[in-house]
Amino acid sequence: MALDNAPSWQPHLAGEFDAPYMLALKAFLQDEKSQRQTIYPHSSEWFHAFECTPLEQVKVVIIGQDPYHQPGQAHGLCFSVRPGVKVPPSLVNIYKELKTDLNVEPVAHGFLDSWANQGVLLLNSVLTVRDSNAASHQGKGWEQFTDKVIEVVNRECDHVVFLLWGAYAQKKGAVIDTTRHCVLKAPHPSPLAAHRGFFGCRHFSQANQYLMDQGREPINWQLPANAG
């Protein structure tokens, strides 16, 4: 359990792996494995978000909560699923808002690596979950680690857009310095909440406008038609 393939993050996060909370988390995950529990995503993808999006390239941060807990879905990026997997309901609503906001055409897949590769840090608060058991790894230590990640981005980066969707993400993002970064808040895009203000929030155009105002390249939110 380490950031071997994410060297830009290592100087800022490597010390976390020896912290008491992380040692307790490692012990918990080892216990899950010893009980032959299936954990998503695969351990090789727990830190996929950091591998796709080096620290110095972070332009946008989207905060999710838990990985998807059904087989074949989660691969280490919030809201994203593997190629060939049905697009989840919240992501369907994200695509709808993109179409309304920027006339971005929805695609038939939910694979968001192309966003991550452009500087969109797709960060779940909790990085693992037990098969078919939502929220089963909450409160085990991941939240403390991802709080540290947000703290690092807040401190080390300039002019980042934080998209905080729903009360959970907004609480987690409360530490962000709004004089250095752009913080946009809306209800969660889930079918239960999207109609309360996620639809029509225009966060994607606002994010790109902010980036351009700061002399940064905007995000091409149009996903490729074919995943992978």
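This is a predicted model: local features need pLDDT of at least 70, side-chain atom pairs count only at pLDDT 80 or more; totals for chains, interfaces and linings use all residues.
A residue is called buried here when its relative accessible area is under 20%.

Strand S5 covers residues 161–165, and five of its five residues are buried. If you look at the strand face by face, Val161, Leu163 and Trp165 sit on one side, while Phe162 and Leu164 sit on the other. Each of these residues falls under the 20% cut-off, so both faces of S5 are covered.

What lies alongside S5? One partner is strand S2, residues 60–64, which runs parallel to S5 and is joined to it by three bridges. Within this pairing, Val61 has Phe162 of S5 as its bridge partner. Another partner is strand S6, residues 182–186, which pairs with S5 in the parallel sense over five bridges. Here Phe162 turns up again, standing opposite Val183 in S6.

To follow the chain between S5 and S6, look for helix H7, residues 167–172. Together, S5, H7 and S6 make a β-α-β unit, and its hand is right-handed.

Another helix to visit is H6, which spans residues 142–156. From its first C-alpha to its last, this helix of 15 residues reaches 21 Å, close to the 21 Å expected at 1.5 Å a residue. Its buried residues include the aromatic side chains of Trp142 and Phe145, along with Val149, Ile150, Val152 and Val153. Glu143, Thr146, Lys148 and Asn154 are buried in H6 as well.

Now for the open spaces, which may be of interest if you work with pockets. The largest pocket has a volume of about 440 Å³. Its lining counts 27 residues, and those nearest the centre are Gln65, Asp66, Pro67, Tyr68 and Asn124. By class, the lining holds 14 nonpolar, eleven polar and two charged residues.

How values were computed: Residues are numbered from 1 along each chain as its sequence is written. Side-chain values use heavy atoms; hydrogens and water are left out. On a 1 Å grid over the protein atoms alone, a cavity is a set of points where a 1.4 Å probe fits but cannot get out, and a pocket is an open set with protein on both sides within 12 Å along at least five of seven lines; lining residues have an atom within 4 Å of a point. Grid points are joined across faces, edges and corners, and a volume is the space filled by probe spheres set on the points. Ala, Val, Leu, Ile, Met, Phe, Trp, Tyr, Cys and Pro count as nonpolar, Asp, Glu, Lys and Arg as charged, and the others, Gly among them, as polar. Buried means under 20% relative accessible area, exposed over 50%, partly exposed in between (1.4 Å probe, protein chains only). Helices (H or I, at least four residues) and strands (E, at least two) are DSSP runs, numbered from the N terminus. Two strands pair if DSSP finds at least two bridges between them. A crossover is right-handed if, with the strands pointing away from the viewer, the path from the first strand over the helix to the second runs clockwise. The expected span of a helix is 1.5 Å times one less than its number of residues.
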